[in-house]
Amino acid sequence: MAQEGMFSTLKHSYYPNWINKRIGFLCLMVGLFWLKTCFSYLFEFNLGIENIFQYFLLFINPFATAFLLFSFSLYLRKPRAAYITLFVLSFLITLLLFSNVVYYREFSDFLTVNTVLGAGKVSTGLGESALKLFRPYDLFYFIDYFVLIILFIRKKIRMETKSFAFRKAFAITAASSVLLLANIALAEMDRPELLKRTFSREHIVKYLGLNVFTVYDGIQTYQANQHRAQASESDLKTVQDYVKEHYAEPDPTKFGIAKGKNVFVIHLESFQQFLIDYKLTDEEGVEHEVTPFLNSLFHSQSTYSFKNVFHQVGSGKTSDAETLMENSFFGLDQGPIFTQLGGKNTFQAAPAILQQEAGYTSAVFHGNAGTFWNRNETYKRFGYNYFFDSSYYDVNKDNSFQYGLHDKPFFQQSVQYLEHLQQPFYAKFISVSNHYPYSQLKGDESGFPLADTGDSTINGYFATANYLDQSLKEFFSYLKSVGLYENSVFVLYGDHYGISNSRNKDLAELLGKTKEEWTDYDNASMQRVPVMFHIPGQTDGSVSETYGGQVDVLPTLLHLLGVNTENYIQLGQDLFSSQRDQVVAFRNGNFVTPNYVVIGNDIYDNKTGELIEDPSEEVQKEIQALEAKVTAQLTSSDELTNGDLLRYADSSLKTVDPDDYNYKNQLEQLEKIEKEKGNKSTSVYSQNNNTSTTDLYTVKSYKELLKGTK
Ligand code: GP9
Ligand code: MN
């Protein structure tokens with residue numbers, strides 16, 4: 001009866017009846033949260049939405065978690081407690097949303113558990129500017145609470161006094177859980193392995209929403225912290241013993257031959273060894289050399305090239321290759337190390353070593369969002385002084401694709417920053433155009449012949465590799481014209497496969513094999529990626545047959561630069577050393593040596609490519625010994641990274657403090673240094689009488705190049 005009485009007073013009210021029901025009010029709260037979230041998705045965050053389906057996921061993701069969370073208030077019998085709980089829950093997730101909005105305005109990234117725990121640091125970094133991050137319209141995120149409270153006080157909205165049936169509450173919790181699972185399933189359909197690989201925080205937010213992201217990040221942080229908490233200084237000792245025992249002396253004829261030179265690290269996206277010297281035959285039977293410029297470098301008298309180096313990446317792909325190349329240890333078995341530990345661990349990476357040992361300035365150039373692979377955080381811990389991400393480039397629809405700016409404009413636009421770096425520098429350029437799906441070249445850049453297999457991914461691979469090749473040729477011409485070429489060393493490497501194992505059978509014919517002949521042995525062989533050390537001035541270049549992995553590159557490079565590596569914790573061996581093991585571990589535990597290729601339980605003879613069906617006892621023993629080496633290397637790597645053991649390392653290297661790095665306004669930072677140094681400044685810009693050299697850069701499209709040859 002009391003109910004009726006209450007409703008009767010509402011007959012004259014403007015407010016619909018459903019608002020006065022618990023479920024109705026809950027729906028209203030969900031709706032309001034949904035509105036705020038969608039507003040921030042569209043106007044605050046830059047989520048890189050690519051298609052209608054992604055919009056669809058974006059708009060449904062706030063529903064699932066809000067319903068699920070709010071449904072817990074329905075279990076409370078006392079109406080007042082239930083309404084207050086609902087309010088508090090809603091307020092908390094709104095606060096989470098709003099904090100992210102404000103944080104994003106400054107950092108173009110989302111709040112992680114670690115950032116929140118270290119909030120003191122963030123706010124000191126922000127200083128007075130924190131207040132400037134608020135906007136008048138931010139009231140929009142909270143105004144509804146004031147309005148609702150007033151409406152309650154003035155009894156325009158009333159609490160439903162009846163308690164909510166348990167089974168109904170449960171039905172709502174269950175239904176929202178199903179909705180959440182459906183959301184995750186649809187997201188995984190559009191972006192396979194999303195939760196395993198993360199990619200970037202934007203990816204998780206875009207597909208699953210901020211609430212899921214926060215929980216996901218919390219779980220990851222908890223797991224990482226568990227590992228870390230269990231690790232101790234004595235674990236480092238075990239790894240150190242391995243490193244000592246595994247250390248390979250540098251070749252004295254190579255040690256220091258590039259001392260003091262600038263270092264260009266050129267990351268060749270998805271570039272496999274088989275592309276080197278490859279000629280693609282077109283429909284008319286005409287052969288087209290795919291990468292003439294890289295081939296000329298590979299065979300140059302000034303290049304030490306390696307044709308039996310294998311990629312060793314796991315699910316972190318590009319970022320795992322970066323980890324291997326610059327730290328000489330592996331990525332993780334259970335996901336990308338950049339996203340999982342890049343913002344937390346201590347590293348002894350190339351930029352920090354070179355800065356502290358030899359006064360190098362370091363920079364990384366990449367035309368994709370800085371948050372991809374959590375680079376913006378990881379690079380600081382590697383000790384990179386500068387990181388030029390897509391925000392430093394003119395990127396538009398015509399010169400880019402889903403992974404960022406295309407290589408030609410990328411290299412060209414990079415030099416406006418490169419010319420301001422103090423020498424000697426260590427500069428890494430991450431190319432991207434030769435990335436799956438290999439169908440991104442348009443207009444004047446298209447035209448290089450496509451292969452003719454049943455798989456369009458394979459067919460386009462050669463054209464994008466050729467485009468990368470053209471862009472490098474232009475970049476090198478510029479470097480020669482400004483005098484940087486002669487006093488630099490160039491490290492070029494393929495990061496990982498471009499054609500996955502599942503497609504290799506379709507590739508077989510282009511490599512002179514048949515589908516039927518193709519085996520796991522061939523798949524393993526295809527993990528070869530080119531590695532070159534191009535040192536202008538050297539004349540005894542060669543193509544080495546030694547077996548190695550990406551993990552071996554850092555000690556090799558440091559030795560070329562005259563830096564002793566004995567005191568560092570590096571798991572690879574100098575590629576020039578005569579003491580090399582030549583056992584190449586893949587991230588999944590398979591391995592390759594000059595004699596064997598071992599895939600799971602299968603042993604292949606690496607001379608014939610044949611499966612050894614019945615290995616003799618002698619062979620079995622040999623394999624066991626090799627397996628032990630592989631396990632020792634991979635386990636040392638996992639101990640080192642999961643336990644964050646480098647925090648205990650007692651070397652002369654000063655621990656890098658990420659707070660010392662700021663990737664904003666970097667041109668201004670560089671110009672300030674030039675001014676301070678005056679005529680002692682060693683940047684190209686200063687040496688060129690404070691004049692820019694960007695005009696010396698020439699870019700030609702594929703169509704223009706073709707015309708030139710006709
Ligand atoms: C993205 C690019 C590609 O920025 O480096 O990464 P991948 O997908 O190859 O790991
Ligand atoms: Mn890659």
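Q: Which helices each supply at least two residues of the lining of the second largest pocket?

A: In this predicted model, the helices α13 (292-298), α19 (456-481) and α26 (702-709) each supply at least two residues of that lining. The pocket holds about 440 Å³ of space. Its lining has 17 residues, and the closest to the pocket centre are Pro292, Gln470, Lys473, Glu474 and Leu705.

Q: Which element gives the most to the lining of the second largest pocket, and how do the lining residues divide by class?

A: Helix α19 gives the most, with 7 residues. By class, the lining of this pocket divides into 8 nonpolar, 5 polar and 4 charged residues.

Q: How many cavities of 30 Å³ or more are there, and what is the volume of the largest cavity?

A: A cavity differs from a pocket in that a 1.4 Å probe fits inside but cannot get out. The count comes to 5 cavities of 30 Å³ or more. The largest cavity has a volume of about 90 Å³.

Q: Which residues line the largest cavity?

A: The lining consists of Val243, His246, Tyr247, Ala248, Pro555, His559, Thr565, Tyr568, Gln570, Gly572, Gln573 and Asp574. The elements that give two or more residues to this lining are α12 (233-246) and α22 (553-560). Sorted by class, the lining of the largest cavity has 5 nonpolar, 6 polar and 1 charged residues.

Q: How should I read the pairing of strands, and with which strands does β11 pair?

A: Strands of a sheet pair through backbone hydrogen bonds, either parallel or antiparallel. Strand β11 has a partner of each kind: β1 (residues 262-268) pairs with β11 in the parallel sense over 7 bridges, while β12 (residues 531-534) runs antiparallel to β11 and is joined to it by 4 bridges. Valine 491 of β11 takes part in both pairings: valine 265 stands opposite valine 491, and in β12 the bridge partner of valine 491 is phenylalanine 533.

Q: Which residues of β11 point one way, and which the other?

A: In a regular strand the side chains alternate between the two faces of the sheet. In β11, Ser488, Phe490, Leu492 and Gly494 point one way, and Val489, Val491 and Tyr493 point the other way. Residues on both sides are buried. For the strand as a whole (residues 488-494), 7 of its 7 residues are buried.

Q: In what order do the strands of the open sheet stand, and which strands stand at its edges?

A: The sheet has 4 strands in the order β15-β16-β17-β18, with antiparallel pairing. β15 (584-585) and β18 stand at the edges; each has a single partner strand, so one side of each is left without a neighbour in the sheet.

Q: What angle lies between the planes of phenylalanine 476 and tyrosine 485?

A: The angle is 65 degrees, and the pair is edge-to-face, with the centres 6.3 Å apart. Phenylalanine 476 and tyrosine 485 are both buried.

Q: Over which rings do lysine 168 and arginine 191 lie?

A: The charged end of lysine 168 sits over the ring of phenylalanine 164, 5.5 Å from the ring centre. Arginine 191 lies over the face of phenylalanine 199, at 4.1 Å from the ring centre.

Q: Is serine 578 buried or exposed?

A: Serine 578 has 75% relative accessibility, so it counts as exposed. This serine lies in the loop between α22 and β15. Serine 578 and threonine 112 are 466 residues apart in sequence and 46 Å apart in space, C-alpha to C-alpha.

Definitions and conventions
Residues are numbered from 1 along each chain as its sequence is written. Chains are lettered from A and ligands numbered from 1 in the order in which they are written. This is a predicted model: local features need pLDDT of at least 70, side-chain atom pairs count only at pLDDT 80 or more; totals for chains, interfaces and linings use all residues. Side-chain values use heavy atoms; hydrogens and water are left out. Rings of Phe, Tyr and Trp (its six-membered ring) pair if their centres lie within 6.5 Å; planes under 30 degrees apart count as stacked, over 60 as edge-to-face and the rest as tilted. Buried means under 20% relative accessible area, exposed over 50%, partly exposed in between (1.4 Å probe, protein chains only). A charge sits over a ring if NZ of Lys or CZ of Arg is within 6 Å of the ring centre and within 35 degrees of the ring normal. On a 1 Å grid over the protein atoms alone, a cavity is a set of points where a 1.4 Å probe fits but cannot get out, and a pocket is an open set with protein on both sides within 12 Å along at least five of seven lines; lining residues have an atom within 4 Å of a point. Grid points are joined across faces, edges and corners, and a volume is the space filled by probe spheres set on the points. Ala, Val, Leu, Ile, Met, Phe, Trp, Tyr, Cys and Pro count as nonpolar, Asp, Glu, Lys and Arg as charged, and the others, Gly among them, as polar. Two strands pair if DSSP finds at least two bridges between them.
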